[in-house]
Amino acid sequence: MSKLSLGPRYGKQSVPVFKIRKQGAHHEVIDLVVRIMLEGDVSDSWLTGENHQILPTETQKNTCYALAALTEYDCPETYALALGADILRRHGHFDSVTLDVEQRKWERIVVGGKGHNHAFYAPKDAIKGTCHVVVTRSTSSVTSGVKDVKIMKTTQSGFKGFIKDKYTTLQPVGAGTDYPDRIMCTEMDSTWTWSRKPRGGYAAANKAVFETLIAHFAGPPDTGVFSKSLQETTYKMATAALAEFPELTEVYLGTPNVHFYRSELEKFGIPNPNVVFQSTDCHSTASGRIETHLARTLAKL
């Protein structure tokens, strides 16, 4: 029998941590869902059934709430770094703590043009912030991001010049074709990795990175910018983020196509100048998927 190698890790998932930051009458809410994974000297539980190395997952859950109370934070990154450091400080047999944290967004209710002190709303499909934090004995790394962000351009998009073989039915779109443009839509997951804590903190920097990505998807507000493909557009988005934020080391964008099929109303005698479409769901309809990972390369000495 070949030699086996065990790579044990364990933790707690789906821990909801909701915190109210109270600054007098003005309140802010931070709504997180936490996943912890621990690695280190824990193999006895797997190999012999002895649990003397195991920090119970219920204890991990309680630690999430304790650190939420003991830590001042305005973003999941700061919270996750503190949580990982606390576990390592108190339990010497762990080598690393990996935390994946999703932030559920709440918006402040505006009444008469003024933001309410303590009333909020949360759309069902609100943008979710994410962070992936790894804390070890000697280092820590922080990757921030967003998930499930649906973005769309109703024009200024094409796709042509692709390979055509005997099974190709897709029609080209763009100048010189029968179809001048198309809807371009995707449901974007994006992450970006920090080399160090950004100036002004993670919360403000993450908002700025997201706004940069979206701006370069859309182009100027009056005219937009033509997209030759989703591949080209996501590359420009990632390039812009790395250029604007020197603290970033890499950017990832996962962008499945969300297709819109033109309704052929002409067969009913009704003109359709590209205004009525059948929408689709990229999770239940066969869809292209574009992944763009752009990283800085270190110059050779």
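# Worked exercises on a predicted model

At 1% relative accessibility, T186 counts as buried (buried is under 20% relative accessible area, exposed over 50%, partly exposed in between, with a 1.4 Å probe and protein chains only). This is a predicted model, where local features need pLDDT of at least 70 and side-chain atom pairs pLDDT 80 or more, while totals for chains, interfaces and linings use all residues. Residues are numbered from 1 along each chain as its sequence is written, and side-chain values use heavy atoms, without hydrogens and water.

## Exercise 1: T186

Task: find the strand in which T186 lies, and the backbone oxygen close to a polar atom of its side chain.

Solution. 
- Step 1: T186 belongs to strand β8, residues 184-194 (helices, H or I of at least four residues, and strands, E of at least two, are DSSP runs numbered from the N terminus).
- Step 2: The oxygen belongs to the backbone of P256, and 2.6 Å separates it from a polar atom of the T186 side chain.
- Step 3: Beyond four places in sequence, the contacts of T186 (heavy atoms within 4.5 Å) are V149, K150, I151, L230, T255, P256 and V258.

## Exercise 2: S144

Task: decide whether S144 is buried or exposed, then look for polar contacts between its side chain and those of W194 and N206.

Solution. 
- Step 1: S144 sits in strand β7, residues 140-153.
- Step 2: S144 counts as buried because its relative accessibility is 0%.
- Step 3: A polar contact is a pair of N or O atoms within 3.5 Å; within protein, one must be able to donate a hydrogen and the other to accept it, and residues adjacent in sequence count only if both atoms are side-chain atoms.
- Step 4: The S144 side chain has such a contact with W194 at 3.1 Å, and another with N206 at 3.4 Å.
- Step 5: Setting aside residues up to four places away, S144 also touches others, including E77, T130, C131 and Y202.

## Exercise 3: the core around V34

Task: name the residues that touch the most other members of the largest nonpolar core, and the helix that supplies its largest share.

Solution. 
- Step 1: A nonpolar core is a set of buried Ala, Val, Leu, Ile, Met, Phe, Trp, Tyr and Cys residues joined through side-chain atoms within 4.5 Å.
- Step 2: The largest one holds 52 residues, and V34, I36, Y79, L83 and L248 touch the most other members.
- Step 3: Helix α4 (residues 202-218) gives the largest share, 6 residues.
- Step 4: Outside four places in sequence, the contacts of V34 include S14, C64, Y79, L83 and L99.

## Exercise 4: the whole protein

Task: how many helices and strands are there, and what percentage of residues is buried?

Solution. 
- Step 1: The protein has 5 helices and 12 strands.
- Step 2: Of its 301 residues, 38% are buried.
- Step 3: The C-alpha trace spans about 75 × 70 × 50 Å along its principal axes.
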